[in-house]
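My notes follow the model.

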Amino acid sequence: MAVNSPSVPAHPVACDTIRFVLDGEIISICNPDPTRTVLQYLRDDLRRTGTKEGCAEGDCGACTVVLLELDRTGNELRVRAINSCIQFLPTLDGKELLTVESLSSDGKRLHPVQQALVDCHGSQCGFCTPGFVMSLFALYKSEACAAGRKPGRREIDDTLAGNLCRCTGYRPIIAAAQQMSDASRTNVAEGWLAQPSCEHRSSMEKVAQLRNLRRDSGLQCAHAGRRFIAPQSIAELSAALAANPGATLLAGGTDVGLWVTKQYRELGPIIYIGAVSGLDRIVRTSTHLEIGSAATLSDAVPVIIREYPVLDELFRRFASPPIRNAATLGGNIANGSPIGDSMPALMVLGTTLLLNSSDGQREISLDDFYQDYMVNALRPGEFVESVQIPLAKPGALFGSYKVSKRFDQDISCVCAAFYLTQGGDGIATARVAFGGLSATIKRAKATEQALLGKAWNEATVAAGMVAMKRDFTPLTDMRASAAYRMRVAQNLLRRFYLETGPDARFNVYEYGRED
Amino acid sequence: MDAKTKRSTGQSGAVGKPLPHDSAHLHVAGQAAYTDDLPEPRDLLHVAVGMSTHAHARVNSIDLDAVRVAPGVIATLLPSDIPGDNNFGAIVADDPILADGIAEYVGHPLFAVAAVSVDAARKAARRAVIDYTPLHAILDPLEAVSAGSFVLPSEEMRRGDAQAGLKNAPHRLARRVRCGGQDQFYLEGQIAMALPEENGGMLVYSSTQHPDEVQSMVAHASGRDAKDVIVICRRMGGAFGGKESQAALIACIAVLMADKTGRSCKLRLDRDDDMIMTGKRHDFVIDYDVGFDDDGRILAIDFMLASRCGISADLSGPVNDRAMFHCDNAYFLPQLALVSHRCKTNTVSNTAFRGFGGPQGMFGIECAIDDIARHLEMDPLAVRRQNFYGAAPRNVTHYGQEVDDNIAPAIMDQLVSDSDYDARRAAIRNWNQQNAVHKRGIAITPVKFGISFTSTMLNQAGALVHIYKDGSVQLNHGGTEMGQGLYIKVAQVVADELGVDIGQVRITAADTSKVPNASATAASSGSDMNGKAAQNAAAKIKQRLTEFACRHFSVSETEILFAKGQVRIGAQSLPFAKLVQLAWADRVSLSATGYYRTPKIHYDRSTFSGRPFFYFAYGAAVAEVLVDTLTGENRILRVDILHDCGDSLNPAVDLGQIEGGFVQGAGWLTSEELCWNEKGGLTTHAPSTYKIPTCSDLAPEFNVRMLKNATNREDTIYRSKATGEPPLMLALSVFFAIRDAISTEANPAPALDAPATPESILRAIDNLADSAGQPQGIDR
Ligand SMILES: Cc1cc2nc3c(=O)[nH]c(=O)nc-3n(C[C@H](O)[C@H](O)[C@H](O)COP(=O)(O)OP(=O)(O)OC[C@H]3O[C@@H](n4cnc5c(N)ncnc54)[C@H](O)[C@@H]3O)c2cc1C
Ligand code: FES
Ligand code: FES
């Protein structure tokens, strides 16, 4: 590993070297291990042990670090917390990495976020604390908190949804989150870092430094025979896939990462889509939202919610901010877990996928995409280029519900979506889809039939609930029993009815959450 | 939080102050070193454990050939490699480090492998080829009861003639309830690093609540004397009881591998392995049969407690004893019959978890109280008040201890008024009339928790204090720091005893070579015992300094005062450091050990009678919840807590214990569900499937206060009270608020089991249609 100081002109980049910024310095790593995680790199290689491992599966937040990236304009910085335990090292290429040590190297001069945690007694055993510091730091740097605005309780809850603390019960951490922006922001240059050596690096300088890290050609490195390929264009991507049909496509890695850290799988060649230009684009055409498959959920979700505000809760409860900062909608769909949360809603909305390969593009309806448990219609060499979600139609009734043991960061035991339009002769369109009830996310055809042509009333709901039993034979596992799954699926149709009816009601989780 | 005004002593003003945790500034900067953060010796090997995939099986052969040739592997470890005792069970020697011949649960360690990296070791462990002959596995406590499968003999307690009392009571209800277990889910998993030292010595860094036990287990297993083993723990990333006995297993494997290879060895369990391999809170099945009068006053009760102990005794004896002791919670039970079964099941051996059986015992009686109230159509609060301990003869527990410090009724009264309980309860009834789908509920529950180890001999502690020539102080004691703020509390005590600033006192790691034979940091006793022991050590040196000053300055002892870093000696004042220097020059010893043993307690286990507890800690909580009756989803809306910390040593630390304990208890009773598959494998072994509370689960209104003027009657350290465990049980209010929410006229007492997951709640609601699982009224 060679470390270059920023003032020294960088060596011409060999295609097997990744470069990223840490504490103002550019770090170059020659042929990094494709599946070494950022956490392993920090703790084992750098012995930078402030960042902790609590689970190695993205669920506890002890490993939270912050990444700085150029946004699509190339002029602004994006500040995002991610889970270093499932992020592969080569994906750091071209980014700046901040760890808890970046905010204070000695435990003496503390960043306002850190100071607030001390002042509010926000740590007990302290093992979760570095992760909380970094999640709160991302909030501190967010637009929502700019100008010293105090974040509200809901915002704090949402920010910290991926950080578990077993000791404090969270009350003092919430207090710290509210207090952190009280500290004068001017005495710590832009609130970036408390470290004297970094204080004078402004955002502009950071942007310039990251621009310098841009590469001319795609990264292709190999480590002990295992390859990591990061194409830069869609054409390069399809060529790379055609040349390596057995390769693993890597988007945010929030599913793939766990294959390595939990299942100890050895992956063959990895093709990373995060550097493909244009694949992360998000556009609203006259008929559709087009979500590029490399767009992160954090980027895609606000656009989707603007179109379909009722999906707000579903996506807030989809994993956690650090996961959503990495994860993609394309990855959720392509992974095809029967408990994936986006698909029921996307299915009933009539979403199609644009697929691509060296043989060209084709479109497929999401309805037809799933063939069996974790088996989809992608052909060898094919990838999802974009997700096409039809725009909202006035008058249509639509809702999607996630039911799990815990509100935040839990996997659904049932995820439901309903879409109805009504004409003169009653219900004209009925689309119902469920996750958690069968081997794939699936439309509930019998239920839909029971609704079609009927008036949208209690009797129809009751008929739909009965018909649902013909659609699914759910399984029992640790998330729920078969009986509960079926009962809840049926009751969710009733909830949908109640919510679209005259006496609309809030979801139970809305109570007491108003800020 | 109430500021402390008066202090019996305390000369630098540290005691009673809400000082931050001693490591807070290190925690937030990532500078606090946990065991895995310590510098690694160059020769370090990483260890992984191979576990049984069967719940009960004869292990015919373990073929490790493929393991040995896996990349990076240096050595393997089998039972035959253990030179000493293959056991880490401290109370009963029934817990093999590596299962020998018979695997008794899914996750039972069978062998270990050492390799050059964590990854290499874990991957290699998966390559073992193991031949099993499956045997019948007992997976349920009730099956164990019928099969007579127990880790320890069943125990009974009796007072009066419960059967006659039940027969003659005007009302009688019987029901079976269950409460689930709970994973400790400390954020830092189990870990130990063993470093061989010269001449047969072994240095072990262990994340443990009980360094002394790790030391003796390691010594026995590796064929050493205790003197040859040093165990050090500066801090743990949480423990909650999970690192009381379980840490020894991890340390023993690391040490045995270090002995086998002659190299340093570290064993850090992956989260899933940790949850599968190590013990948790016991789940309980509780049957009760209660007789009561028209006012809801309990006349007699018959309890059957059956707990899942897993495969070995571990701490199940004292855990179940404590459940028996707490089946009264704050209530007088005039006639009682109780049987406690310690069931041997083919599941992981359950162990300590904050509350240590107390929560389960209280769960049983609170269910009975709630049922009585619903049967009589009374406010459960009224039934609770009817049954509180009171004046003689209603002031003696079923184990014969007089409740001489009873403040439960007073706390309840104050909380009822502070929280506006009565008006809110009425408003909720009203609200529920208007809302068909969503229902609110409210409940108030008390806590009375006995403080002391029930095994009297464990109630002793040691400390070691050094004063250096520059007047700075180094503090050591047998207690361990797991986040509970013990170290800062004890440092506050020492600073006050010596009249120096807290910054003068350096806190050092628990270390068996400094303070020997220390009890586990458990039973909430950490600051009570170590605070007193450290005070004793500091007082000894202070006495020597005082005597020296009397000699040197020709004054009498009454003219000397240690305060604020100065020593007043007659008319003059001297910096503390100066006096220390003079004393050293005069050859005064500036180092002392301290010792404490809890007074007054005595207890005869053969009759379950005596005074096992030095005192009781009290508290009460009101919870208000909302339930969606279509899905069982629920949310805690408001919590009000009033808790008794005595004269708090550190109100910030104690507040943290109350809040954290409550939320952890709420997790136990709501979202934290342990599931096993039909083969006995734990299916909730990671945070993806095992759900502890997150930030958004904290009630939007969360009012926590400490009881004012709550001086402990007993002579504890600065008259404070223990706060580690008691607050956890305040969360029972959440469970009964949920039950309140789903109780209807058609079915007032739904059969709700804990944890009240959405599914458990919906099941209870749906049971309303058929009356299965209902309390059986035997009214006459
Ligand atoms: C802690 C945690 C919480 C989670 N919570 C939720 C949740 O609440 N709800 C939920 O639904 N999911 C959840 N997930 C799962 C995961 O985050 C989502 O499925 C996510 O959307 C996957 O996206 P990704 O970009 O990370 O995919 P990756 O992990 O990069 O890839 C997933 C799969 O899709 C394939 N793939 C990716 N991109 C493409 C493409 N363009 N074309 C073809 N194939 C592709 C990959 O080869 C791989 O097979 C959670 C995961 C974690 C770790
Ligand atoms: S270690 Fe738990 S989220 Fe990364
Ligand atoms: S302080 Fe211990 S887990 Fe948060």
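Which residue lies over the face of W431(B), and at what distance from the ring centre? I find R440(B) there, at 4.5 Å. I also note R281(B), whose charged end sits over the ring of F353(B), 4.2 Å from its centre. My rule for a charge over a ring: NZ of Lys or CZ of Arg within 6 Å of the ring centre and within 35 degrees of the ring normal.

I keep in mind that this is a predicted model, where local features need pLDDT of at least 70, side-chain atom pairs count only at pLDDT 80 or more, and totals for chains, interfaces and linings use all residues. Residues are numbered from 1 along each chain as its sequence is written, chains are lettered from A and ligands numbered from 1 in the order written, and side-chain values use heavy atoms, without hydrogens and water.

Rings of Phe, Tyr and Trp (its six-membered ring) pair if their centres lie within 6.5 Å; planes under 30 degrees apart are stacked, over 60 edge-to-face, the rest tilted.

I checked F127(A) and Y34(B): centres 5.0 Å apart and planes at 85°, so the pair is edge-to-face. This pair crosses between chains. F127(A) is buried at 6% relative accessible area, and Y34(B) is buried at 2%. (Buried is under 20% relative accessible area, exposed over 50%, partly exposed in between; 1.4 Å probe, protein chains only.)

Then I took F418(A) and F496(A): centres 5.0 Å apart, planes at 20°, so I log them as stacked. They sit 78 residues apart in the chain. F418(A) is buried at 1%, and F496(A) is buried at 1%. Both belong to one aromatic cluster, whose members include Y401(A) and W456(A).

Terms used: Helix = DSSP H or I, 4+ residues; strand = E, 2+ residues; numbered from the N terminus.
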